[in-house]
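Work through the exercises below with the sequence and the structure at hand. A solution follows each task.

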Amino acid sequence: MKLPIDTSEDASSAPSQLAEGSSFKWLRRGIVFVGGVMLLVMMAMTIVDVIGRYVFNSPLSGAGELTEILLVSVIFMGLPAVTLEKGHVTVDLFTARMPPWIERWRIQVIGLLSTVILSLIGWQLWVHAGQIGAYGDVTTTLRIPISPVAYFCSVCTFISAIAALIVSFEPLFQRSSKG
Amino acid sequence: MQYWPVGIAVLLAMLFSGLPIAFAMTATGLLGVASIIGFGPAMSLLGTVFFDYGRDYSLSVLPLFLIMGYFVVQSGIASELYNAAYAWLRHRKGGLATATVLACGAFSSVCGSSMATAATMARISLPSMRRFGYPDHLALASIAAGGTLGILIPPSVILVFYGIMTQQDIGKLFLAGIVPGIVGVIGYAIAVRISLYGYKGELPTEPKLPLIDRIKALKGSAGAIFLFSFVMGGIYLGVFTPTESAGMGAGGALLLTVMLGKFSLKGLFEVLFDTMKTSAMMFFILFGALTFTNYVNMSGMTRDIQTFIGFFGDSRLSLILVILVIYLLLGCILESLSMIMLTVPVFYPIAAAHGIDLIWFGIFIVMVTEVSLITPPVGMNAFVLKSVVPDVPLNTIFRGLWPFIFMDVVRLGLLIMVPGMALLLT
């Protein structure tokens, strides 16, 4: 279900070398574990909710709102990984046969543009989180405060912006390593 | 005076330069909205779209169906389905290719993605087709085309997104996809026969299996049949909401993986990590599309396009045909999910204004998208296969696909003439 399966074999489309680096390994494992557990909880809650409703006539209270919080958290936790692994879907009809020197510039410009857009989103999520906090919004049943979740999403988006920046400078590293 | 063509030009420029589609749509939407209501209000839109839509309960259906699909891929049920289909078709000419199409259809009933279906079936059916001397163009075309059924036969990732963007019942959309999906399997089986007409080479067949053995061969596919009946039956009878059926389906697929002995802790976390990444990727396309939609709605684009389509006549049929042509053209440059997300917000209000049933329209859009998955130059399913067998030129794959594309067109004609094909079960 990974969408863009690459057919070209140039270095730019291979998984980021930096993504394979050991400094990221532990961070990555942490994200995989926490996010994975969140997804499992989401799945289990749905099942328990349905079984509870039909078999024991008592649905799991607050399952819906917990699912909502887990959902948005999982989405934003996956974002840095997708960005670092260049997993975003792109139109590569016109970029597939670029000469290498243009390609290097293109990757840099696209990466910087992605960084700017992600930073804008992260910034607005931060502002939005502040507004939610000011209203003191909490979920209906479990009374979980919502603004920390929004702050978390904002931080994840800023991390993704940094990931996009790393990806954008990758061609420079490649050039210097090849001498 | 509206300037939306400028917005479209900016969007296309960003897309063609290779900026991720999600970011290109976000940026265009943001700039466009800012040009109409000012920069401040436009910016605050971002916070609302990216956070408030992200915690919409009905959207949790997507990661849950993704978990289900990834587990089904891991469970190895695909080879069981292929063996069962082959047991029934092995005495027929081109039986392996027909079995591929049939197994793709069956696999689609538990997996919501076309590319996953094509990639999984390629690993299973291609080796046997090559062993029996099937020509590459037929073997690969049957997989690529069969794979497109993944987004039509429920569960379907594309139908989930269509349902979200048009506020239609995802359960109804799923039910509507079943009959056109079966018609698709039959159509592709006919396409296999058409491909064989001009073929001079020898295709070996095996002696017909006795009925009892054929029935025994179905045993391995029981898990998939049960999972499909459970998930879709639950929706059909109104026992589950689509989100609940997705959760139950994900649990069922996990159970299936355990029962088939393919479960491992490493595999579990692979499934979950892939789900996280695909969710993030798809949701950001959705958020981008929603930001862009705000601009579409403010810019008067829908009204102008409606006027434009009006030049071709006022009937529903002419509207459908114009939309069909636009989609086939767009399908040449855009990948399926982004194409749906970009165009549905523009076209569905027009369809609704003409009194077209939006469930039917969803099936129509998905079927047009299926065609775009197997037509050059951006036939994603052909690309998927190319990555599995790098030694076969893309042209060979596309050459083999023509009979399948022809049957797709026939099926689209049927859907337009007999709307009941989609609306029968809803």
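**Exercise 1: the end and the cover of a helix**

Task: state which residue follows α4(B) and what its phi is, then describe the span and the cover of that helix.

Solution. The residue after α4(B) is B:G76, with a positive phi near 75°. The model is a predicted one. Helix α4 of chain B covers residues 61–75, 15 residues in all. From first C-alpha to last the helix reaches 21 Å, close to the 21 Å expected at 1.5 Å a residue. As for cover, 13 of the 15 residues of α4(B) are buried, and the helix is mostly covered.

**Exercise 2: a nonpolar patch**

Task: find which helices of chain B each supply at least two residues of the nonpolar patch, and classify B:M417 as buried or exposed.

Solution. Start with the members: B:I182, B:I186, B:I190, B:I194, B:Y197, B:F406, B:V410, B:L414, B:M417 and B:V418 form the patch on the surface. Together they have about 990 Å² of accessible area. Next, assign helices: α10 (170–197) and α20 (394–417) of chain B each supply at least two residues. The most comes from α10(B), which gives five residues. Finally, take B:M417, which lies in helix α20 of chain B. Its relative accessibility is 65%, so B:M417 counts as exposed.

**Exercise 3: two stacked pairs**

Task: describe the geometry of the pair B:F226 and B:F230, and that of the pair B:W360 and B:F364, with the exposure of each residue.

Solution. Over all chains there are 16 aromatic pairs. One of them, B:F226 with B:F230, is stacked, at 6.0 Å centre to centre and 10° between the planes. Both residues lie in helix α12 (residues 222–236) of chain B, four residues apart, about one turn of the helix. An α-helix has 3.6 residues a turn, so residues three or four places apart point the same way. B:F226 counts as exposed because its relative accessibility is 59%, over the 50% cut-off. B:F230, at 30%, counts as partly exposed.

B:W360 and B:F364 are also stacked, with 5.4 Å centre to centre and 10° between the planes. They lie in helix α18 (residues 358–374) of chain B, four residues apart. B:W360 has 7% relative accessibility, under the 20% cut-off, and therefore counts as buried. B:F364 is buried as well, at 0%.

**Exercise 4: a ring cluster**

Task: which residues do ring pairs link into a cluster?

Solution. The cluster consists of A:F76, B:F50, B:F283, B:F284 and B:F287, linked by ring pairs.

Key: Residues are numbered from 1 along each chain as its sequence is written. Chains are lettered from A and ligands numbered from 1 in the order in which they are written. This is a predicted model: local features need pLDDT of at least 70, side-chain atom pairs count only at pLDDT 80 or more; totals for chains, interfaces and linings use all residues. Side-chain values use heavy atoms; hydrogens and water are left out. The expected span of a helix is 1.5 Å times one less than its number of residues. Buried means under 20% relative accessible area, exposed over 50%, partly exposed in between (1.4 Å probe, protein chains only). Patches are made of residues with over 30% relative accessible area and no salt bridge: like charges are joined within 9 Å, nonpolar side chains (Val, Leu, Ile, Met, Phe, Trp, Tyr) within 5 Å. Accessible areas come from the Shrake-Rupley method with a 1.4 Å probe; for residues, only the protein chains shown count as cover. A salt bridge is a side-chain nitrogen of Lys or Arg within 4 Å of a carboxyl oxygen of Asp or Glu. Rings of Phe, Tyr and Trp (its six-membered ring) pair if their centres lie within 6.5 Å; planes under 30 degrees apart count as stacked, over 60 as edge-to-face and the rest as tilted.
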